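Welcome! Here is a short tour of a protein model, meant for someone meeting it for the first time. Please have a look at the sequence and the structure before reading on.

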Amino acid sequence: MKEETSVLEFSVRPPNLTALEGASLTMIYIPEGGTGDSGRERTKTFTYDFSFYSADTKSPDYVSQEMVFKTLGTDVVKSAFEGYNACVFAYGQTGSGKSYTMMGNSSHSMYKSEASIISFQRGDSGLIPRICEGLFSRINETTKWDEASFRTEVSYLEIYNEHVRDLLRRKSSKTFNLRVREHPKEGPYVEDLSKHLVQNYGDVEELMDAGNINRTTAATGMNDVSSRSHAIFTIKFTQAKFDSEMPCETVSKIHLVDLAGSERADATGATGVRLKEGGNINKSLVTLGNVISALADLSQDAANPLAKKKQVFVPYRDSVLTWLLKDSLGGNSKTIMIATISPADVNYGETLSTLRYANRAKNIINKPTINEDANVKLIRELRAEIARLKTLLAQGNQI
Ligand SMILES: Nc1ncnc2c1ncn2[C@@H]1O[C@H](COP(=O)(O)OP(=O)(O)OP(=O)(O)O)[C@@H](O)[C@H]1O
């Protein structure tokens, strides 16, 4: 997706299957002699804003979690302070590193055992904890000088079989099957979703850990610690300050999304309940694909003013995921899509499909705007206009 806004990058995780290969900025190369169809064209070229290679820690091209945060996450923190909405979502087949990129290894340790939690390495934390930490470190810096006051709220939900579940509300009958509704001004939201006021990074960490334990996970043929649901961690960040002696308030919403595996159900050897999950997960992802395609068509149309305008319908409401992410897809948000791919040649087909999906997404143009009080904005603009007219008047008087 573009901006005005969006960055698209892909990352390659270390192999847990067979062969190891790498990726350059624009090329994924799978060597001759690898598994699969020998007549198949082996080299495909794609262009993205960034590519991150993390398959081999010893490689000179190796990119750490910290570097990924510095390249993408710091912009999300900056956008929040400027009053823009932001969204990061990770897309890719099961086991390709979506959860690792978004949450890091801490969440997986949670699923495994208490002992793993102790062995969790700080350097392995992903974008969500780093973005939250970045927000609070900047809040502390700013409040030291008394420049502004802040309010930060988080919520954490999962979409599983097209039902929304609150990952942070315990002991409540309203945890499952929450309704998605649409506010005329603020857009789609989840009714009765719990929101938690947080004062520091420690508060966020506690909630993240609780939510991760609540996430539905199930083993599949492809990944033992596989998340079969889409998870959305949302931060609502409000900043109040004085701008040219005028009180002003900005509100930004940051969605951090870990999508379920994008592979087809049959590729995982799934049966029964698992197949049903696969079907529903695909429904959300198919709709996401349709939304991305429709938006890409619209963007191409807009870029060509001479062409006859097509009637394009964007099917946001066809799935819970796309409805909730409506603003992040072609709307008021700075959106980053991260496509994660496996370096194993056995995953050639899925890798290619992920890269094509991401290639389509990069054509989308979002229109982010600063979310601030309309009256304060009007007064600021009028003041700027008065200042401009005064300057013109002064210049006129000099002639
Ligand atoms: N860049 C990486 N460096 C080290 N380990 C990684 C990296 N990427 C992924 N892994 C490891 O590979 C395994 C699978 O990754 P992960 O769970 O993030 O995949 P996923 O795409 O989220 O899968 P799912 O769709 O099932 O949720 C995990 O054990 C994870 O820690």
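Over the ring of which residue does the charged end of Lys362 sit? The ring belongs to Tyr48, and the charged end of Lys362 is 5.5 Å from its centre; a charge sits over a ring if NZ of Lys or CZ of Arg is within 6 Å of the ring centre and within 35 degrees of the ring normal.

This is a predicted model, in which local features need pLDDT of at least 70 and side-chain atom pairs count only at pLDDT 80 or more, while totals for chains, interfaces and linings use all residues. Residues are numbered from 1 along each chain as its sequence is written, and side-chain values use heavy atoms, with hydrogens and water left out.

**The whole protein**

- The protein has ten helices and 13 strands, where helices (H or I, at least four residues) and strands (E, at least two) are DSSP runs numbered from the N terminus.
- Of its 399 residues, 52% count as buried; buried means under 20% relative accessible area, exposed over 50%, and partly exposed in between (1.4 Å probe, protein chains only).
- Among contacts (heavy atoms within 4.5 Å) between residues at least 6 apart in sequence, 72% join residues at least 24 apart.

- Seven of the seven residues of β5 are buried, so the strand is largely enclosed by the rest of the structure.
- Ala86, Val88, Ala90 and Gly92 point one way from β5, while Cys87, Phe89 and Tyr91 point the other way.
- β5 pairs in the parallel sense with strand β12 (residues 246-258) over five bridges; two strands pair if DSSP finds at least two bridges between them.
- Cys87 has His255 as its bridge partner in β12.
- With strand β13 (residues 334-341), β5 also pairs in the parallel sense, over seven bridges, and there the bridge partner of Ala90 is Ile338.

**Helix α9**

- Helix α9 (residues 348-361) has 14 residues and reaches 20 Å from its first C-alpha to its last.
- That span is close to the 20 Å expected at 1.5 Å a residue, the expected value being 1.5 Å times one less than the number of residues.
- The buried residues of α9 include Tyr348, Leu352, Leu355 and Tyr357.

**Aromatic rings**

- The structure holds seven aromatic pairs; rings of Phe, Tyr and Trp (its six-membered ring) pair if their centres lie within 6.5 Å, and planes under 30 degrees apart count as stacked, over 60 as edge-to-face and the rest as tilted.
- One of them is the stacked pair of Tyr91 and Tyr357, at 3.9 Å centre to centre with 10 degrees between the planes.
- Tyr91 lies in strand β5 (residues 86-92) and Tyr357 in helix α9, so this pair ties together parts that are 266 residues apart in sequence.
- Tyr91 is buried at 4% relative accessibility, and Tyr357 is buried with a relative accessible area of 15%.
- The rings of Tyr156 and Phe233 have centres 5.1 Å apart and planes at 75 degrees, so they form an edge-to-face pair.
- Tyr156 is in strand β6 (residues 148-160) and Phe233 in strand β11 (residues 230-243), so this pair joins parts 77 residues apart in sequence.
- Phe81, Phe150 and Phe237 are linked into a cluster by ring pairs, and the charged end of Arg138 sits over the ring of Phe81, 4.2 Å from its centre.

**Cysteines**

- A search of the whole structure finds zero disulfides, a disulfide being a pair of cysteine sulfur atoms within 2.5 Å.
- The sulfur of Cys87 is 14 Å from the closest cysteine sulfur, in Cys132, which is too far for a bond.
- Cys87 is buried at 0% relative accessibility, and Cys248 is buried at 7%.
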